[in-house]
Amino acid sequence: MLWFGSTQIEMLNGVVFSRTTYAIHHHHHHQNLGQSQSFSSSLKTAQLPTKHRRYATTIKATQSSDAHSHGETSGLPDISWENLGFNPVTTDFMYVMKFSGDGEFLSGGLQRFGNIELNPASCVLNYGQGIIEGLKAHKKHDNSILLFRPEENGLRMKIGADRMCMPAPTIEQFVEAVKVTVLANRRWVPPPHKGFLHIRPLLMGTGPVLSLTPAPEFTFLIFVTPVGNYFEGGLKQLNLVVKEEIHRAVPGGVGSVKAIGNYAVVLKALIEAKADGFAEVLYLDSVYNKYLEEVSTANIFVVKDRIISTPVLGGTILPGVTRKSIIEIACSQGFQVEERLVSVDEMLDADEVFCTGNAICLLPVGSITYMGRRVLYGETGVVSQQLFSALSNIQMGLTEDQMGWTVILE
């Protein structure tokens, strides 16, 4: 029997049963795990050695009073839903699972949210062996909670972990851990139209190293925080600037992985851009310095004569789950979608430009500044508005999910 914070965990035959657990009701849509050709081919290379593969841990529980023994974890939180920003909020629980040096998956479970201990020699601190994920949960008017395509995030983490020489949870373990964490923190999910619960899974090489080598121990952790909507009062337009001298990723690197280091390298460009009044930075390819890649935390699309184009995945661009979803929605609505090299000149001549990402969903671009020239795109375009409405309505449960993407927690 193991104790995690205020939550009592019992283990029987390798299966974890928590006395502070939460009933999960599945929405029985078929989960579409179809990938683009480049994404699915990556999966073939992501198969971990047999010693790293384990069946999913089953975590089940019916709510008990044990969850409340160390602080208030029920009722409405002391927070103003109207003033939510995009900063971390201290919630109730986080999920932690450890991996030993030989790849064995140790039992995971809920812990009270709080600081974690790291050896100063841990690989993640010294050599950056870590990746993140990001997904969201929305609350419906009937008080149920919607998750959006968590299997896709679990798959992307698995592929990224292989590139970064880390074992990873199975997709089933990943999804189950997300469900348990969200339900344990359900009082922190904002009311409908007030924001969403941002879910942040982390996979880190926490074991100590001195030479450049993979960590001997790994930690999978999930924490959540409520955040506000980016699009209060309508779609907020982004003003972008192209930075030619700074590149987000290079061929042969880890641009297609949500590696933690990918974000540190663009901080300088992003800080400078915001100081100049821009919302975000758009990066070009590092070879020719003329083809679009992505912005700091989102993928980019251009629209010309109702043809939608987006940079092709080729190792330097993150295969965004929102990107993939927008492509599938656009195709289902009869749009022609092209994944290819898109030059900066094409973008400047486009009818519409928009960005997609987990946190922003879809935001139109109002202007782009390139080499001192500023191009305005005017009001939010018809295509951007149509695709935003289609996707956000599915994510928030406002329309029937005919794509089979959402998972309902009750």
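Helix H3 (residues 150-163) has 14 residues and spans 20 Å from its first C-alpha to its last, close to the 20 Å expected at 1.5 Å a residue (1.5 Å times one less than the number of residues). Helices (H or I, at least four residues) and strands (E, at least two) are DSSP runs numbered from the N terminus. This is a predicted model, where local features need pLDDT of at least 70 and side-chain atom pairs count only at pLDDT 80 or more, while totals for chains, interfaces and linings use all residues. Residues are numbered from 1 along each chain as its sequence is written, and side-chain values use heavy atoms, leaving out hydrogens and water.

**Helix H3**
- Twelve of the 14 residues of H3 are buried, so the helix is largely enclosed by the rest of the structure (buried is under 20% relative accessible area, exposed over 50%, partly exposed in between; 1.4 Å probe, protein chains only).
- Among the buried residues of H3 are Glu152, Leu155 and Ile159.
- After H3 comes Cys165, with a positive phi near 60 degrees.

**Salt bridges**
- The whole structure holds 16 salt bridges (a side-chain nitrogen of Lys or Arg within 4 Å of a carboxyl oxygen of Asp or Glu).
- Arg187 pairs with Asp92, their closest N and O atoms being 2.8 Å apart; this pair links distant parts of the chain, 95 residues apart.
- Both Arg187 and Asp92 are buried.
- You will also find a salt-bridge network linking Arg149, Glu152, Lys324 and Glu328.
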